[in-house]
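Please open the structure in the viewer and keep the selection tool at hand. The stops below are to be visited in order.

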Amino acid sequence: MYRQENKRNIRKTAFSIDMINIVIGLVIVLLAAVSFFNPEDHMLLLPVIFLLGAVLNLINGVYGFSRSQRDMKKKVGAIVQCTGGILLLGIFALSSFSIWWG
């Protein structure tokens with residue numbers, strides 16, 4: 001019985017992660033399209049796009065790391081994804097500093 005409850009929690013968590021990916025992905029695409037058509041007026045959206053991309057990578061990396069118990073290939077992939085998220089956080093910080101205070 002305990003094992004079934006654990007599987008249900010995994011399914012709920014996987015569904016939540018999928019929904020977060022879909023929503024954040026759609027928001028990123030919409031913001032990128034808006035900022036592409038008129039870059040001068042919507043320059044402030046670029047740091048937001050980088051921040052959302054970082055959040056998306058970090059969520060997927062942490063979830064992947066927590067799901068890979070002994071599989072080193074999956075752990076390395078999750079670490080690479082977290083590293084990409086941290087890199088995007090750095091780009092967010094640089095772009096927000098240069099746009100908002102530059």
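Select Ser68 first: with a relative accessible area of 3%, Ser68 counts as buried, where buried means under 20% relative accessible area, exposed over 50% and partly exposed in between (1.4 Å probe, protein chains only). This is a predicted model, in which local features need pLDDT of at least 70 and side-chain atom pairs count only at pLDDT 80 or more, while totals for chains, interfaces and linings use all residues. Residues are numbered from 1 along each chain as its sequence is written, and side-chain values use heavy atoms, with hydrogens and water left out.

Ser68 belongs to the loop between α2 and α3; helices (H or I, at least four residues) and strands (E, at least two) are DSSP runs, numbered from the N terminus. Now display Lys74 and Lys75, both of which Ser68 touches when residues up to four places away in sequence are not counted; contact means heavy atoms within 4.5 Å.

Next, move to Ser96 in helix α3 (residues 72-100). Is Ser96 buried or exposed? Its relative accessible area is 6%, so Ser96 is buried. A polar atom of its side chain lies 3.1 Å from the backbone oxygen of Ala93. Select also Pro47 and Trp101, with which Ser96 is in contact, neighbours within four places in sequence left aside.

Rings of Phe, Tyr and Trp (its six-membered ring) pair if their centres lie within 6.5 Å; planes under 30 degrees apart count as stacked, over 60 as edge-to-face and the rest as tilted. By this rule, the count of aromatic pairs comes to three. Phe97 and Trp101 form a tilted pair, because their centres are 6.2 Å apart and their planes stand at 40°. Trp100 and Trp101 are edge-to-face, with 6.1 Å centre to centre and 85° between the planes. Trp101 is exposed at 62% relative accessible area, whereas Trp100 is partly exposed at 39%.

Finally, select Ile24, Ile28, Leu31, Ile49, Leu52 and Leu56, the six residues of the largest nonpolar core. Such a core is a set of buried Ala, Val, Leu, Ile, Met, Phe, Trp, Tyr and Cys residues joined through side-chain atoms within 4.5 Å. Helices α1 (2-37) and α2 (45-67) each supply at least two of its residues.

Key
A polar contact is a pair of N or O atoms within 3.5 Å; within protein, one must be able to donate a hydrogen and the other to accept it, and residues adjacent in sequence count only if both atoms are side-chain atoms.
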